[in-house]
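Q: Could you take me through a model feature by feature, giving the general idea before the particular case?

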Amino acid sequence: MKDLDNEKKLAAKEAVKYLKDNQVVGLGSGSSATHAILEIGELVKNGLKITGVSTSSKSEELAKSLGIPTVDISSVSSIDVTIDGADEFTSDLNLIKGGGAALLKEKVVASLTKEEIIIADSSKKVELLGKFTIPVEVIRYASKYVMSQIILLGGKGEIRLTEGEPLLTEEGNYIIDADFGLIPDPAYLATRLSEIAGVVEHGLFIKLAARVIMGNNDSTITFS
Ligand SMILES: O=C[C@H](O)[C@H](O)[C@H](O)COP(=O)(O)O
């Protein structure tokens, strides 16, 4: 049986090889990104000079605990490299993200990033996106309306719950997990979702990744 956590770790070790002194580095969220932040912490301990920009309060706390200097995103004009995870990816570098509800800040960081590196275990690679439902972050006020628009687009959505209550994102919004089945044209769906009033952001990341480093048993494969 595959050791998926080890595959994430191997991908993280490979990804941090892209980091150089004096770069602004985006710190992703989730279990794969956590491995990368731990690796970055070691490099910083050994003298690497970087400035981190976090994609979630969890990543921020972890970075701080490891002595990685971080700044608010508003104080940088661009980010050199970001290392983040994904819930699904295709070989043409489209992604679904947001399984941990961090997609909004992750997409802002990715949009400001020159080289977005995605790290993943081998279970995340798919031929077509869509087995993993698309997280859609919505303002609470619009959640019913957005659900109806998702149905018109051919999908069905459910508000994500935690302990029986709607989960609130760091920005105080709801997440609708939207099931469209397998998605032959993710760029088209991404545009349609972005057009719905009340949608803050969604987890389809189209052409934002420069490369995906996938752990594969005891080695890694890079898609770029
Ligand atoms: O909201 C969470 C993020 O998009 C994560 O990067 C994504 O869910 C992958 O997480 P993990 O590395 O834990 O599978």
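The dialogue below goes through the ligand shell, the strands, a helix and some loop residues of this predicted model.

Q: Which residues are the closest to the ligand, and how many surround it?
A: The model is predicted, and in it 18 residues surround the ligand, the closest being Gly30, Ser32, Gly85, Gly99 and Gly100. Two elements give two or more residues to this shell, helix 2 (31-45) and helix 4 (103-111), and helix 2 gives the most, with three residues.

Q: What is the make-up of the shell around the ligand by class?
A: The shell has nine polar, five nonpolar and four charged residues.

Q: Which residues does the UniProt annotation "binding site" cover?
A: According to the unreviewed UniProt entry, the annotation covers Asp84, Gly85, Ala86, Asp87, Lys97, Gly98, Gly99, Gly100 and Lys124.

Q: Is lysine 97 buried or exposed, and what does lysine 97 touch?
A: A residue counts as buried if 20 or more other C-beta atoms lie within 10 Å of its own. Lysine 97 has 30 such atoms within 10 Å and is therefore buried, although its place is in the loop between strand 5 and helix 4. Leaving aside residues up to four places away in sequence, lysine 97 touches Ala86, Asp87, Leu103, Glu106, Gly203 and Phe205. Glycine 100 is found in the loop between strand 5 and helix 4 as well, but with 18 other C-beta atoms within 10 Å it is partly exposed; with the same exclusion of residues up to four places away in sequence, glycine 100 touches Ser29 and Gly30.

Q: Which residues have a positive phi although they are not glycines?
A: Among them is alanine 101, with a positive phi of about 70 degrees; alanine 101 lies in the loop between strand 5 and helix 4 and counts as buried, because it has 23 C-beta neighbours inside 10 Å. Another is glutamate 163, with a positive phi of about 50 degrees, which is found in the loop between strand 9 (161-162) and strand 10 (165-166). Glutamate 163 has 5 other C-beta atoms within 10 Å and is therefore exposed.

Q: How do strand 14 and strand 15 pair?
A: Strands of a sheet pair through backbone hydrogen bonds, in either a parallel or an antiparallel arrangement. Here strand 14 (residues 211-216) and strand 15 (residues 219-223) pair in the antiparallel sense over five bridges, and valine 212 stands opposite phenylalanine 223 in strand 15. The two strands form a hairpin with two residues between them, and asparagine 217 in the turn has a positive phi of about 55 degrees.

Q: What is the order of the open sheet of three strands, and which strands stand at its edges?
A: The order is 4-5-13, with antiparallel pairing. Strand 4 (88-89) and strand 13 (204-205) stand at the edges, and because each has a single partner strand, one side of each is left without a neighbour in the sheet. Strand 4 pairs with strand 5 (residues 95-96) over two bridges in the antiparallel sense, and phenylalanine 89 stands opposite leucine 95 in strand 5.

Q: How far does helix 1 reach, and what covers its buried residues?
A: Helix 1 (residues 4-15) has twelve residues and reaches 16 Å from its first C-alpha to its last, close to the 16 Å expected at 1.5 Å a residue. Its buried residues are Glu7, Lys8, Lys9, Leu10, Ala11, Ala12, Glu14 and Ala15, and what covers them includes helix 2, strand 3 (79-84), strand 6 (113-120), strand 14 and strand 15.

Technical notes
Residues are numbered from 1 along each chain as its sequence is written. This is a predicted model: local features need pLDDT of at least 70, side-chain atom pairs count only at pLDDT 80 or more; totals for chains, interfaces and linings use all residues. A residue is near a molecule or strand if its C-beta atom, placed from the backbone, lies within 6 Å of it. Helices (H or I, at least four residues) and strands (E, at least two) are DSSP runs, numbered from the N terminus. Ala, Val, Leu, Ile, Met, Phe, Trp, Tyr, Cys and Pro count as nonpolar, Asp, Glu, Lys and Arg as charged, and the others, Gly among them, as polar. Two strands pair if DSSP finds at least two bridges between them. The expected span of a helix is 1.5 Å times one less than its number of residues. A residue is buried if 20 or more other C-beta atoms lie within 10 Å of its own, exposed if 12 or fewer, and partly exposed in between; C-beta atoms are placed from the backbone. Two residues are in contact if their C-beta atoms, placed from the backbone, lie within 7 Å. UniProt positions are given in the numbering used here, feature names are shortened, and annotations may be inferred rather than shown by experiment.
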